[in-house]
Amino acid sequence: ARQEGRDAVVEAYKRQFADSVTRSFTLEDLQAQGGAAARASGRYVATYRGEPDVTGTIAFNVLRDRGEPRIALISARQDVGG
């Protein structure tokens, strides 16, 4: 589904997480680069009910769609081992 505005996006994620074993998803060390095709990347920590945390790197590619920024791609890579 597509949401409009920050509040709608946050509510959609809250509903998804409420029914999930996923307790939280945190971004750290986020770095952003602007331009016609913007990019933000950093590290993530996913916390699950009754399971060990999962960490890794994540990148978001953002394009302008009718003047509005839209996430065009999310690429995540989980850390190996631990």
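Q: Which elements each supply at least two residues of the lining of the largest pocket?
A: In this predicted model, helix H1 (6-18) does so, along with strand E1 (22-33), strand E2 (37-48), strand E3 (54-65) and strand E4 (68-78).

Q: What makes up the lining of the largest pocket by class?
A: The lining has 16 nonpolar, three polar and five charged residues. Val 9, Tyr 13, Phe 60, Ile 71 and Ile 74 lie nearest the centre of the pocket. The volume is about 1000 Å³.

Q: Why are Phe 25 and Tyr 44 called a stacked aromatic pair?
A: Ring centres must lie within 6.5 Å to pair, and planes under 30 degrees apart count as stacked. Phe 25 and Tyr 44 are 5.2 Å centre to centre, with 10° between the planes. Phe 25 sits in strand E1 and Tyr 44 in strand E2, 19 residues apart, and the pair links distant parts of the chain.

Q: Why does Phe 25 count as partly exposed?
A: Partly exposed lies between the 20% limit for buried and the 50% limit for exposed. Phe 25 has 40% relative accessibility, so partly exposed is the class.

Q: Why does Tyr 44 count as buried?
A: Buried means under 20%. Tyr 44 has 7% relative accessibility, so Tyr 44 is buried.

Q: How do you know that E1 and E2 pair?
A: Pairing needs at least two bridges. E1 and E2 have nine, in the antiparallel sense, so they pair. As one example, Ser 24 has Thr 47 in E2 as its bridge partner.

Q: What makes E1 and E4 the edge strands?
A: Four strands form an open sheet in the order E1-E2-E3-E4. E1 and E4 each pair on one side only.

Conventions
Residues numbered from 1 in each chain as written. Predicted model: local features only at pLDDT ≥ 70, side-chain atom pairs only at ≥ 80, totals over all residues. Heavy atoms only, no water. 1 Å grid on protein atoms, 1.4 Å probe; cavity = no way out; pocket = protein on both sides within 12 Å on 5 of 7 lines; lining within 4 Å. Points joined across faces, edges and corners; volume = space filled by probe spheres on them. Nonpolar A, V, L, I, M, F, W, Y, C, P; charged D, E, K, R; others polar. Phe/Tyr/Trp six-rings, centres within 6.5 Å; stacked < 30°, edge-to-face > 60°. Buried < 20%, exposed > 50% of the residue type's maximum accessible area, 1.4 Å probe, protein only.
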